[in-house]
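Visitor: I have not looked at this structure before. Please show it to me, and then I will ask about parts of it.

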Amino acid sequence: MSDSVHTVRVQIPYHLRNLARVEGEFALEVSEPVTIRAVLDALEARYPMLCGTIREHDTLKRRAFLRFFACEEDLSHESPDTLLPDAIASGREPFLIIGAIAGGC
Amino acid sequence: MSKVRVLVGTRKGAFILSSDGKRDNWDVSGPFFAGWEIYHMKGSPVNPERVYVSQTSGWFGQLFQASDDGGKTWYQPGVKTENAGAPQWPPVKSNRFVYDASNETGKPLTTHQWYDGTQHPWEFKRVWHVEPSLTDPNTVYAGVEDAAIFRSTDGGANWSEMPGLRGHGTGPQWQPGAGGMCLHTIILDPKNPDRIFIAISAAGAFRTDDGGKTWKPINKGLRSQFIPDQDAEVGHCVHHVAMNPDRPNTLFMQKHWDVMRSDDAGDNWTEISGNLPTDFGFVIDVNSNEPETVYVVPIKSDSEHFPLDGKLRVYRSKSGGNEWEELAKGLPEKDCYVNVLRDAMAVDKLDKCGVYFGTTGGQVYVSPDGGDNWKAIVHDLPAVLSVEVQTIP
C-alpha cells in the first residue's frame, strides 16, 4: 500500500449497517489528506447505497441528526476539510458516525 | 382464483398481507425495512410483481426501494445487488430528490407561506406517495414534501422534478398543513395519458392536461372556514381524492372538513356531506364495481382525531354522496380512539369489491363484501400510514 493511503476504521449506525450489508466496524482505504470529507467520500464510493443518508445529495451537508466523533471529540460542526487526528488516520481509533439520541416515536 | 396482496406502510416498517379471492385467511409477511417509516408502497398495474416503496427516517432521510417479485426481495434502484460490498460508481441516486431550479428545464426555487405567515424556502423532506404508471412498469411518480411531483422513467434509479407544478404562480400562497406541506395524492387518468390530478395540504387540488408541463388549480366550490376569501383559488386543505377508473371525470374528495364531488374533472365541486355525523376525516375511496358507491371514515373533528363516541365506523353512500349509511358489523363498538390516515384506505378489483383500511392503532380491516361485514386482518402492527391493494389474476 502506498504511504499516501491510510486504513481508517469506521463505525456507522445500525440502520446504515443493514443498508450496506456490513456487520460491526469496517475499514476503508482513504487517501491523504485524511479529512472528514475524504472518509465520507471513500465510504460512499465503497457503499453507494449510503449516498444521501449521512450527508445530503449535491450540497453534501451533514444530516441534522447524525454526528461525527473522533478520539472522543465531536467534530460534527467542524469543516469537512478538517484533518482527522493521527489516531484515526493510523487506524488506532475508529471514526464514529452516530445517530443523535433524539427520542421520537 | 384471483389473489389479493395488501401493501401496508407503517411507522416502523412495511408489511404484506396476502389472501385468495375469498379474503378470509391471510398470510402476513414483514416487517420489511424494520424500524423505518414507510409512508407509501404501491405496485405497478402493468407488472404487479414490481412494487415501489418510499422509506424514510428523520435520521437518514429518504430512501427508495423496489421489488421485482411481489415483495419477497427488495433492492435500491441503481445499486448493483450482485456484489453490493464492492466499490461502485457513480453514486446511487434513487433517493436524490432535488428540485429542478435550472434555467433550461426548471423553475426558480422560490418560497411558500410558513405557519407564521412569513415566506419559507422550499426544502425536500420526504416522499409521501408513489404512483406507478398505468402503462410502463419503469415509470413512477412521487409526491413529496415540500410539495412537488417527481418522475422516474428508469424504475426509480433517477428522479426528475416536474417543475411546472411547484413553479405555479400561486406557490407563494401554499402553506403546510399540520403534517407538513405534502403532495399526498396522485391520480393518473386512465383514458387521457396527459391528464394527472394531484392534491396538496394545504394548497388544494391541481390538474395537468399536458403531461405535467402546466397545471391549474381545481378548487372551485371548496369552502374552507379558515380562509378569509371563500373563493380563494388555493389554500384549501384537501386530505384525499379518489376516482373510479371507469369514470375519470368524477372525483370524490375528503377535505379537512366537507366531503365533496366533481363531475367535470375537478373544474367544479359540490358538497355531498349530507347526513354524515361529522364530515371531518382523511380517507375516501370509491367501489371498484359501483362508481357511485363511496366510502369515508368520519373523524370527530380537527381537534380530536378519533372516531365519534369511541365507535369505529365506515360510512357508505350508494348514491354518490349526501345519503350515507353507517357500516358497523365487525368494527369496534367502544373505546376505539384511533385515526385513519389519508392514504390508508384502498379497494380491490374483485367481483365483490373488497374494502381495506388501516389505523394508527395498528389494525388493518377488510370487508370482502363492499362494506357490509368487516374483520381485522391484523391487530397489532405499528401505526398504519398507508394501505394499497393489488388484485392479482
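Visitor: Which residues touch the most other members of the largest nonpolar core?

Guide: This is a predicted model, where local features need pLDDT of at least 70, side-chain atom pairs count only at pLDDT 80 or more, and totals for chains, interfaces and linings use all residues. Residues are numbered from 1 along each chain as its sequence is written, with chains lettered from A and ligands numbered from 1 in the order written. A nonpolar core joins buried Ala, Val, Leu, Ile, Met, Phe, Trp, Tyr and Cys residues through C-beta atoms within 7 Å, buried being 20 or more other C-beta atoms within 10 Å, with C-beta atoms placed from the backbone. Of the 105 residues in the largest core, those touching the most other members are B:Val6, B:Val8, B:Ile198, B:Val241, B:Tyr356, B:Val364 and B:Val387.

Visitor: How many residues are in the second, separate core?

Guide: Its members include A:Val8, A:Val34, A:Leu40 and A:Leu43. The number of residues in this second core is 30.

Visitor: What is the order of the five strands in the open sheet of chain A?

Guide: Strands are DSSP runs (E, at least two residues), numbered from the N terminus, and two strands pair if DSSP finds at least two bridges between them. The edge strands, each pairing on one side only, are S2 (26–31) and S4 (73–74) of chain A. The pairing is mixed, and the order is S2-S1-S5-S3-S4.

Visitor: Which residue is the bridge partner of B:Arg261 in S20(B)?

Guide: Strand S19 (residues 259–262) of chain B and S20(B) run antiparallel, joined by two bridges. In S20(B), the partner of B:Arg261 is B:Thr270.

Terms used
Helix = DSSP H or I, 4+ residues; strand = E, 2+ residues; numbered from the N terminus. Buried ≥ 20, exposed ≤ 12 C-beta atoms within 10 Å, placed from the backbone.
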